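Colleague: I would like to learn how to read a structure like this one, feature by feature. Could you walk me through it?

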Amino acid sequence: MEGDFVSLAEMLKLIKFSPSSRKHFRNTILKPAMGQGLIEMEKKETPNSPKQRYRLTQLGKEVKAQLQKERERE
């Protein structure tokens with residue numbers, strides 16, 4: 001997910017969420033992560049586009065790297 005934008009469906013598949021969990025995922029994970037600046041939209045001018053895609057921001061990449069380092073220490 002780092003380099004390229006991915007659709008919501010692709011994101012759900014990557015993290016093994018059921019496609020039926022789409023609304024729950026969007027409201028409880030995706031929107032809060034976007035609000036914290038961890039994920040950005042490709043089509044910022046049309047946030048409700050059915051072709052909307054997402055990727056990690058620089059901050060999101062840094063948080064991911066930090067979490068991976070912490071897991072390696074365990």
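This is a predicted model: local features need pLDDT of at least 70, side-chain atom pairs count only at pLDDT 80 or more; totals for chains, interfaces and linings use all residues.

Colleague: Which elements does the chain have, and in what order do they run from the N terminus?

Modeller: Helices (H or I, at least four residues) and strands (E, at least two) are DSSP runs, numbered from the N terminus. Here there are 3 helices and 3 strands, in the order β-α-α-β-β-α. The C-alpha atoms fill a box of roughly 40 × 25 × 20 Å along the principal axes.

Colleague: How do I read burial, and what share of the 74 residues counts as buried?

Modeller: Buried means under 20% relative accessible area, exposed over 50%, and partly exposed in between, with a 1.4 Å probe and protein chains only. By that rule, 24% of the 74 residues are buried.

Colleague: Take Ala33 as a case: is it buried or exposed?

Modeller: Ala33 counts as buried because its relative accessibility is 12%. Its place is in helix H2, residues 22-35. A contact means heavy atoms within 4.5 Å; leaving out residues up to four places away in sequence, Ala33 touches Leu38 and Ile39. By contacts across the chain, residues 24 or more positions apart account for 33% of those with a separation of 6 or more.

Colleague: And the outside? Which residues make the nonpolar surface patch?

Modeller: Accessible areas come from the Shrake-Rupley method with a 1.4 Å probe; for residues, only the protein chains shown count as cover. The chain exposes about 5,600 Å², with carbon and sulfur atoms supplying 51% of it. Patches are made of residues with over 30% relative accessible area and no salt bridge, joining like charges within 9 Å and nonpolar side chains (Val, Leu, Ile, Met, Phe, Trp, Tyr) within 5 Å. Leu59, Val63 and Leu67 make a nonpolar patch of about 220 Å². Of these, Leu59 is found in helix H3, residues 58-73, and is partly exposed at 38% relative accessible area.

Colleague: Now charges, please. How many salt bridges does a search of the whole structure find?

Modeller: Side chains of opposite charge can pair when their charged atoms come close. The cut-off for a salt bridge is a side-chain nitrogen of Lys or Arg within 4 Å of a carboxyl oxygen of Asp or Glu. The search finds 3.

Colleague: Which residues are linked in a network of salt bridges?

Modeller: The network is made of Glu40, Lys44 and Arg55. Lys44, exposed at 52% relative accessible area, pairs with Glu40 with the closest N and O atoms 3.6 Å apart. Arg55 also meets Glu40, at 2.6 Å from N to O. Arg55 lies in strand E3 (residues 53-56) and Glu40 in strand E2 (residues 39-41), so this pair ties together parts that are 15 residues apart in sequence.

Colleague: What about Arg53 and Glu42: where do they lie?

Modeller: Their side chains meet in a salt bridge of 3.0 Å, N to O. Arg53 lies in strand E3 and Glu42 in the loop between E2 and E3, so the pair ties together parts that are 11 residues apart in sequence. Arg53 is partly exposed at 30%, and Glu42 is partly exposed at 32%.

Notes
Residues are numbered from 1 along each chain as its sequence is written. Side-chain values use heavy atoms; hydrogens and water are left out.
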